[in-house]
Amino acid sequence: MASATLAPHVRDERPDIGGEDANGSRPSALTTTVPREYVHRTAISEVFLTDWRPGSSDSWVISAQWPRAHTFYGPRDGLHDPVLLIETMRQAGILLSHVAHQVPLDHPIIWQRVRYDLLPEALRTTGRPAEIELHVTDHDMVFRGKRLATARQEFRILCDGAELATAALDYSCHSPAVYRRLRGEYSDLDLANSRKLPVPQAVEPRLVAREHDRDVVLSPTEHADRWQLRVDTSHPVLFDHPVDHAPGMLMIEAARQAAQADTPGSTLPTSLECTFARYAELDAPSWVRARTTERADDGSRQSTVTVEQHDKPVVSARITSVPTP
């Protein structure tokens, strides 16, 4: 499982940004990011959503912008990072839980499953930031009293007006009291972080299509297809704010890097499905393993990636990769 938590309280409406244009008139709309609290981010630079509005019945349209450069989710080989798609979905799901379904800001949002299928050509970069539009519909919503308990959101995602991906996200919401009962002593943020393991050495960055050791989330073992998960809580993106366990985006990055390390040549994950079974704690090693098929007639390969801790499954992922265009 993976969650995001946040404690501060902010008002439950869109921010009202004042000011006048050059003619002395207030503009009808200004482009800004949504409040960072609505997407459980500390750094404003890590907020990619810019607006939201109702769509048809039980649906929303969310706008986002992807930067031309990013310290972690940066473009590669002229293509936007596909894992940036999942981070944008993550933010959209959290945003809607708060603004559409009145989930309090301090309630953890816990993932059960996330998936996407994308068209590689729609990831091509241009000379300007990419304008992303997410059409989101709610399904299988369960409430406990008036509070949202679980939901599945389905996405149709456009990039600069072109069809980019279809995707889905299953998650649950818990009150802080319920989360403390579920997590036991691990819900103590300071205690959990005081027990974290030293960060092991990184595999060679080029093996996982990275440029710097700090962005590598796998550590080598004696087996070529098995790695220890590198949990570096000082990473400014994967650990934007303190958490009591290894976060979901770290797990997805580990799955992507493991699939790349187990596949010859530079690849692009065009399809990914990740299921979360339990939390990965900071006080014990987690082990990542990949199994990849031979290349199919269309050039694609299928990878199955698992993450285990204490010999119990934490995450399982299925990834379809193609040679980087």
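Student: Which residues does Asp81 touch, not counting residues up to four places away in sequence?

Tutor: This is a predicted model. In it, Asp81 touches Phe72, Tyr73, Gly74, Pro75, Arg210 and Arg256. Asp81 itself sits in the loop between β3 (59-66) and α1 (83-99).

Student: Is Asp81 buried or exposed?

Tutor: Buried means under 20% relative accessible area. Asp81 has 6%, so Asp81 is buried. Its side chain also joins that of Arg256 in a polar contact of 3.0 Å.

Student: Which salt bridge does Arg256 form with a residue of its own helix?

Tutor: Start with the general idea. Side chains of opposite charge can pair when their charged atoms come close. Here the side chains of Arg256 and Glu253 meet at 2.9 Å, N to O. Both lie in helix α4, 3 residues apart, about one turn of the helix. Arg256 is buried at 13% relative accessible area. Glu253 is buried too, at 1%.

Student: How many salt bridges does the structure hold?

Tutor: There are 20. One of them pairs the side chains of Asp240 and Arg41, at 3.9 Å, N to O. Asp240 lies in the loop between β9 (226-229) and α4 (248-261), and Arg41 in the loop between β1 (2-4) and β2 (49-54), so this pair ties together parts 199 residues apart in sequence. Both Asp240 and Arg41 are buried.

Student: What about Arg214 and Asp215?

Tutor: They form a salt bridge, with the closest N and O atoms 3.9 Å apart. Arg214 is partly exposed, at 49% relative accessible area. Asp215 is buried, at 4%.

Key:
Residues numbered from 1 in each chain as written. Predicted model: local features only at pLDDT ≥ 70, side-chain atom pairs only at ≥ 80, totals over all residues. Heavy atoms only, no water. Helix = DSSP H or I, 4+ residues; strand = E, 2+ residues; numbered from the N terminus. Buried < 20%, exposed > 50% of the residue type's maximum accessible area, 1.4 Å probe, protein only. Polar contact = N/O pair within 3.5 Å; in protein donor to acceptor, adjacent residues only side chain to side chain. Contact = heavy atoms within 4.5 Å. Salt bridge = Lys/Arg side-chain N within 4 Å of Asp/Glu carboxyl O.
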